[in-house]
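Hi everyone, thanks for making time this morning. I'd like to walk you through a structure that may be new to you, so let's bring it up on the screen.

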Amino acid sequence: MAADGTTRTEKFPFGIASVGLGEVDRQVPIDEPPPLAPNAELAVIGKPIPRQNGRAKVTGATRFTVDVTLPGMLYGKILRSPLPHAEIRAIDVSAAARHPGVCAVLPVARSDDPSASVVRYIGAPVAAIAAVTMAAAEEALRLIRVDYNLLPFVVDVDKARESTAPLVHDSGSVPPGHASGFPAPTGLPLNGNVRGPAVASRGDVAQGFAQAGVVVEGEYRTQVQTHCCMEPHAIVADWRPDGLTVYMSTQFTAGVRHELAAEFGLPLSRVRVVVDGMGGGFGSKSMLSKYGRVAVALSRQAQAPVRIALDREEEQMDSGNRPGTWQRLRIGARRDGSLTAISLVGYGTAGVGLGAGVGNIAQALYACPNFETAQFDVFTNAGPGCAMRGPGNTPGAWGLEQAIDELALRLSIDPVVLRDRIDPSPVRREERRIGADRIGWQHRHAPGADPGPIKRGLGVAQSLWGANVQINSACEVRVMRDGSVEVLSGVQDIGTGIGTVLAQVVAEVFGLRPEDIAIRIGDTDFPAGPPSYGSRTTASITPPARTAAWRVLQELYREAALALNAATGDLTASAGRIFVRDEPSRGMNFGEAAARLRTDQISAVASRSDDYGGFRRRMGDAALAEQDLGGVQFAQVAVDTETGIIRVERVVAVQDCGRPINPLQIESQVQGGVLMGLSYALYENRILDQHTGRMVNPNLEQYKLAGPREAPAIDVVVLENYQGQSATDAYGIAEPSNIATAPAIANAVYNAIGVRLRSTPMTPAAVFAALGKVPSGSQ
Amino acid sequence: MVDAVSAFIGQQAAAEGSSLTALGPGAVPISLKVNGVAQTLQVEPRMTLAEALRGPLGLTGTKVACDRGACSACTVWLDGTTVCSCMTLAVEVAGRSVTTIEGLANGSQLHPVQAAFIEHDALQCGFCTPGMVMSCAALLERSPDPTAEEVQRAISGHICRCGTYPHVVAATLAAAKA
């Protein structure tokens, strides 16, 4: 590779910092910077820098999409189906169109088009209005007359699996892919409402179980969880003769631009997508979505900007959700703990959509030669699911990590020790060591050993997530003649603090302070950025940011070298100066070097190169890194056996994300992942009424979420795990931090009361049922 | 229908000799103080304080997330006390004084709670943050040296999906010491 002159060999720090670092040789493209030293040797990378948009956020100055008001802007509102399954015989919008203030009326469902004449869940869009005020739009919505023919429906996943169940889809209406935009396996059989199986296997499972000394088998169930972004899904669409500008609360400006261009027949150059403040997505704001299309169509029709912001009930019914799952997991092991076979059958429902599943964690987390899985999608008359923080592996870990806990008990092996034997990852080994020490694992007692009514317990569970990278990610860095620096990319900050991370990376290159770097992101007028889903933002955009800055610095060095009568290769940039490395007094301020530029501004654009050690797999614009991301979490709970209330007292979360860039922001995200997992384990539950198909808790008070008083003490430890894979060697944290929490809590509950709860949420009623205090099923 | 109700209320008020007056359904004028500045607005009786702040007053720092008093994102101070502005009608606040997130800092000098939120990273997406800051700042007004439990109680009506609660508590305790 090096022979063709496009790469050079470099030595990179390699390994886990707390264990001890070695080196690894990598081939680096010649136009990319030299290896970055470990964090301990750096000035701003790895430091807990407060986020650069913090002041705007605490003063209310940040402009979210719901705050965008354009001159002449109209308010859009969507009429939604009140029935879970119905054929639309006719829609009469004439009275609505005549209502004062109404500027555009758009049928979404159509009685004359067989592919659009059936609504399949309550909340499905039927028509839309744009009017001069929200009140006028709401009034007009009530004037739309729809003639529905109610069809048989089913919202319960078990009933939907029965052969006599009403059919949710006909052959033509099965969606082509996941609601999150990922392709679904094609060619799978559809029997009734059950699609699949999607299968995977290795080895010989029958032989593996024959070799097992112990077999554990269990059924695990997870509820439907909704995203509950605090900022609703929102868009302001501004259709003009010379192009379309869209302000949208989105996790992917570049992706939405592509969708808009394709949907409305516009060249990419005529579509601009902008997001400043973005009030949470968690997977649900990855796509343009139906409401986005509706807003643009209304704007085109009305020739005026249109804002659509979903209300909370719309959010709960039709903005995506984490699919509910059921899985039967069977694991065989020898007496020493080594696994001989894993068999998994899973059924999940993403409502009318695809993408319910328990991921690949059962086949990937532990060494096991024999594995087989069959996973099915079950259609129900409910709003389509979509990706949500750690899709697949989060419900997957709920089953797997409890099964491993049960296996440890059956083998009389400590659950941490068992994992030391069957988990090949050196990273998680270190994470277990640190976590066990911090939680006080050595004091863990036998299940149910506390004598009083309040019983405490400790549990552990592990997380696994692919290290995703978006190849199609670019960043521009500019240096002005006055010494100021700008970073530009379409990448969006959805609350993770990527702007601050970029400022740190670029400041490190130039020897400046992060606050010296102006961050301009969230706009497709800048080089296309990666999506903020799949925990890939940092991994994708920080390497090109460092590369672009390094290229600009080489240009600056040329000017400085002339003035200093030095060789460019002898220069370095640090503490606001550019100087000769071995003779620091021979140098100049960064600004003095910039003042020598021949033009007002110099810039470089860089894009994400392949990981230096290669990728495991490439999928179009995306790729999967060789190493995985993960984490180990320990939970301490107190179960009140008289009230059934589970209180999580403490969580120790030990995580890895390659090179950590901003420990403060990482700590925030891990705390968020833990709290979302705790909320999933104990409280959240989308409840659909079997008789009407209606969600009975489409709000934020009956849909229970963990609040401040449910937050345990959360101890966050982040490893520095260097792999020498890119210009920054940084990867993601959001999803890995969410996956292990719920099963860690469940295992702690088992340790507390000696009875296993295999379904989420673990409500007081479920605890009572598990303890035999009420008959099972009376909950 | 609405007219009939207004007329009925008006008759009842007259019959009882009370000071009740019927308003609406059209816009009516109200005067109030917002962040120390006197304002006069035309508001329909159905308009909430949150809508009045975010719309005619252009103070979009106040956020609406649930619009029914379940998440506290819209928290502002009404005569110094925290209220959900989505559950308060604009006509109710005539003659009263409202403080929003835009009015909390003293010019460019941030309120100690705001500064501590930045330092402790007590925010992620930032959408619930203005309401959270208003509740924490109000707590310090009435209880300058709170315990962690008191901070948790003060924000117990707030929902933050990013999970900033631990940092919010740490920031507020730090602000109290500042």
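Let me start with how chain B is held together along its sequence. If we take the contacts in chain B between residues at least 6 apart in sequence, 55% of them join residues at least 24 apart. Before going on, please keep in mind that this is a predicted model. Its scores are ipTM 0.97 and pTM 0.96. For chain B, the average pLDDT is 92, and 89% of the residues score at least 70.

Now, what is chain B built from? Its secondary structure comes to six helices and five strands. Of the 178 residues in chain B, 54% are buried.

Let's zoom in on one pair of helices. Helix α3 of chain B, residues 112–119, packs with helix α6 of chain B, residues 165–177, at an angle of about 135 degrees, and their axes are 8 Å apart. Helices α3(B) and α6(B) are therefore oblique to each other. The crossing of α3(B) past α6(B) is right-handed. Which residues make the contact? From α3(B) they are B:Pro112, B:Val113, B:Ala116 and B:Phe117, and from α6(B) they are B:Ala171, B:Thr172, B:Ala174 and B:Ala175. By class, that contact of α3(B) with α6(B) has seven nonpolar residues, one polar and no charged.

Next, the place where the two chains meet. Chain A brings 40 residues to the contact and chain B brings 38. On the side of chain A that touches chain B, the elements giving two or more residues are α1 (54–58) and α16 (663–682) of chain A. Helix α16(A) gives the most to that side, with seven residues. Sorted by class, the side of chain A that touches chain B has 17 nonpolar, 14 polar and nine charged residues.

You'll find A:Ala124 in the loop between β6 (118–119) and β7 (125–131) of chain A. Is A:Ala124 buried or exposed? A:Ala124 has 25 C-beta neighbours inside 10 Å, so A:Ala124 counts as buried. Setting aside neighbours within four places in sequence, A:Ala124 is in contact with A:Arg80, A:Ser81, A:Val119 and A:Asp318. As for A:Gly672, 548 residues away along the chain, its C-alpha atom is separated from that of A:Ala124 by 31 Å.

How values were computed:
Residues are numbered from 1 along each chain as its sequence is written. Chains are lettered from A and ligands numbered from 1 in the order in which they are written. This is a predicted model: local features need pLDDT of at least 70, side-chain atom pairs count only at pLDDT 80 or more; totals for chains, interfaces and linings use all residues. Helices (H or I, at least four residues) and strands (E, at least two) are DSSP runs, numbered from the N terminus. A residue is buried if 20 or more other C-beta atoms lie within 10 Å of its own, exposed if 12 or fewer, and partly exposed in between; C-beta atoms are placed from the backbone. Two residues are in contact if their C-beta atoms, placed from the backbone, lie within 7 Å. Axes are lines fitted to C-alpha atoms, for helices over the stretch in contact, and angles run from 0 to 180 degrees between N-to-C directions. Angles under 35 degrees count as roughly parallel, over 145 as roughly antiparallel, 65 to 115 as roughly perpendicular and the rest as oblique. A crossing is left-handed if the near helix is turned anticlockwise from the far one by less than a right angle, and right-handed if clockwise. Ala, Val, Leu, Ile, Met, Phe, Trp, Tyr, Cys and Pro count as nonpolar, Asp, Glu, Lys and Arg as charged, and the others, Gly among them, as polar. pLDDT is the predictor's confidence in each residue, from 0 to 100.
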